[in-house]
Number of protein chains: 2
Amino acid sequence: MNVEDLETPALTADLDVLETNIRHMADHCRDLGIELRPHVKTHKIPEIAHMQLAAGATGITCQRLGEADVMAAAGIKDILITYNIVGTKKLERLMRLAERADLTLTVDSGYVASEISNQAQEKGCEIGVLVELDTGGERTGVQSPKEALRLAEKVMEMPGLSFRGIMTYPSHERAKPFMERTLQLLRSREIPVEVISGGGTGFEAISKDLGCTETRSGSYVFEGPKRISIPANPPNPVTCALRLIATVVSTPTAKRVIVDAGEKSLTLYTNFFRPQLPPSHYGYIVEYPTAKMYGMSVEHGHVDVGSCEHKFKIGDKLSIVPVHQGMTLNLHDELVGVREGEVEVVWPVAARGKK
Amino acid sequence: MNVEDLETPALTADLDVLETNIRHMADHCRDLGIELRPHVKTHKIPEIAHMQLAAGATGITCQRLGEADVMAAAGIKDILITYNIVGTKKLERLMRLAERADLTLTVDSGYVASEISNQAQEKGCEIGVLVELDTGGERTGVQSPKEALRLAEKVMEMPGLSFRGIMTYPSHERAKPFMERTLQLLRSREIPVEVISGGGTGFEAISKDLGCTETRSGSYVFEGPKRISIPANPPNPVTCALRLIATVVSTPTAKRVIVDAGEKSLTLYTNFFRPQLPPSHYGYIVEYPTAKMYGMSVEHGHVDVGSCEHKFKIGDKLSIVPVHQGMTLNLHDELVGVREGEVEVVWPVAARGKK
């Protein structure tokens, strides 16, 4: 089937771009001498995770337990979950998962670690543990190298847990003193540090420089070597794999065209790290770069075609590169793989909506 | 099961609030003397549509053909789709749907109308048609009363179509001259206008004043009588039915608490109609109104508890009222109905993700 014949809105991935992104990142990490443990929250598709592993990734990273469940069911063994797993139901699920996969978790408190330890001891499992450092991201993570040491020592004493190393996000240069001091403290107590985990896309060289053994890059699979950000790094159709195929459904004025892709197909756009920016860019139209998506409502995309020579007709199909690719994928139940305009595969977004 | 025992993040609806919202809006429209045709894009759940019909709604409104498919499969007959249906695959599906439901569609061009007519004639169906007016919303719709008349006359000549009236969104007072002139022109040609359709939540009285016979209010089911907007009408737990139940997973500093509900559970927040506003508010925490959700990442909600007397512990459950209720619902596969803290029902969001 040709991509033109897909019912819209249809989320597609250009397979050539996807494969290139996967290969380039694997090569980049190999050249740097850092292991690649891709974050699958970006795609939630086991087939893509397997492509990343085949290209040389050492394992995968998940953000939700439900993502890890789906990936383990697809035969993936080496799984890092970079999230504090909290609550009885989640811990019971975690133990069932531990029977099928080699799990490593991150923790940032003795409480979270001890609850996992209690369950693991009871079930006779062993779970790998990384201590999460808040090196400036101001989200989760221990607040000082001393706190990291104390937590590592606690974890080492807890049955069912195996201390494996440390983790941080994001891998900024300002993380260096925190990480170096933590490693110094751990080594002064002769605590072996097998894993130093950093992230994400675009920060591989910095991660290496910080001493990381692995990078949890994720967005690269769809966004290319550098994360999309507006206005610094707008979506580039050469390195961006996703295309939302939309249909022109109305041409009410000479300047305005309406397509069948709005907030529920492309997500609302805002930039958490730069909240002062107006939502000035909603998607990049590959065929007509001078046509500007200037707004969205729930099911409508609003396109300004005032600077565009092409005369749009109702029924025209457009390929829109989303600005927030991982979030867009999370809205869709299927991703259509396309090569040179022909549909090659349809992947269920198998881990979408899983707790 | 108690709501405290739900695995998080869990999207719940307070059934007392939901039922009150449904009843109040039905009463409000009855008092005004305007028919209520609720927009189901807000909830995408057939059971809620049936509750709205039982309270007196004359039919329902859908924004996607897939929503209409799901609602018709649940036994709902009287369906208005306020969207230009374009493309061969969609038209074929539309004709199958027309065999099971009494359909009315909106159109804003002769092209869209004629394509529907061709299919309807071939299949021997009759489809009701409303002409959409762009009375200031600057989205879809014909641009002038004269254009509305011309399109109505065309529709009346097209086999398989039955001209039923006009439709606009939103129902602002500035729509009045456009609508009055259109009705004048239609009446001058003795074209019967059975339906004048306006929307949405909070605009029922204005719709009546504009001469509308029906209102397509939708958000009220979750948001109450007035749409949530920041800062004018922030989420109010008395009239807002949705609660995202989240768990505290980290308490890294005395001021910061992290919960397991981020962008993929609550949606990115931005306000299309007021893009100059920063995304300053991400959710209202019912138990601790002085705790402020100030940010989100993909799976984390960032809460400032600096002004809050309560000492948060890992494992605490919080009830968060989302600021963009319809968009939040679209992220979840299930909605848990809760009454006085006990789970009463779990509804699949059956029309979620349907094209």
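Predicted model: local features only at pLDDT ≥ 70, side-chain atom pairs only at ≥ 80, totals over all residues.
# Two copies meeting through one surface

Of the interface residues of chain A, 100% are also interface residues in chain B, so the copies meet through the same surface.

**How the copies are related**

**The contact between the chains**

- Chain A brings 52 residues to the contact, and chain B likewise brings 52 residues.
- On the side of chain A that touches chain B, at least two residues each are supplied by α4 (88–98), α5 (110–123), β10 (242–250), α10 (263–266) and β13 (292–296) of chain A.
- The largest share of that side of chain A comes from β10(A), which gives three residues.
- Sorted by class, the side of chain A that touches chain B holds 17 nonpolar, 22 polar and 13 charged residues.

**The sheet of chain A**

- Chain A has an open sheet of eight strands with parallel pairing, in which the strands follow the order β2-β9-β8-β7-β6-β5-β4-β3.
- At the edges of this sheet stand β2 (35–36) and β3 (60–62) of chain A, and because each has a single partner strand, one side of each is left without a neighbour in the sheet.
- Within the sheet, strand β6 (residues 127–133) of chain A pairs with strand β7 (residues 161–168) of chain A in the parallel sense, over seven bridges, and A:Ile127 has A:Leu161 in β7(A) as its bridge partner.
- Helix α6 (residues 145–157) of chain A lies across both β6 and β7 of chain A, and α6 runs at about 170° to β6(A).

**Two helices of chain B**

- Helix α3 (residues 65–73) and helix α4 (residues 88–98) of chain B pack at an angle of about 20°, with their axes 11 Å apart.
- Angles under 35 degrees count as roughly parallel, and α3(B) and α4(B) are therefore roughly parallel to each other.
- The crossing in which α3(B) passes α4(B) is left-handed.
- On the α3(B) side the contact is made by B:Leu65, B:Ala68, B:Asp69 and B:Ala72, while on the α4(B) side it is made by B:Lys90, B:Arg93, B:Leu94 and B:Leu97.
- The residues of this contact of α3(B) with α4(B) comprise five nonpolar and three charged residues, with no polar ones.

Methods:
Residues numbered from 1 in each chain as written. Chains lettered and ligands numbered in written order. Axes fitted to C-alpha atoms, helices over the stretch in contact; angles between N-to-C directions. Helix = DSSP H or I, 4+ residues; strand = E, 2+ residues; numbered from the N terminus. Parallel < 35°, antiparallel > 145°, perpendicular 65-115°, else oblique. Left-handed = near helix turned anticlockwise from the far one by under 90°. Contact = placed C-beta atoms within 7 Å. Nonpolar A, V, L, I, M, F, W, Y, C, P; charged D, E, K, R; others polar. Pairing = 2+ DSSP bridges.
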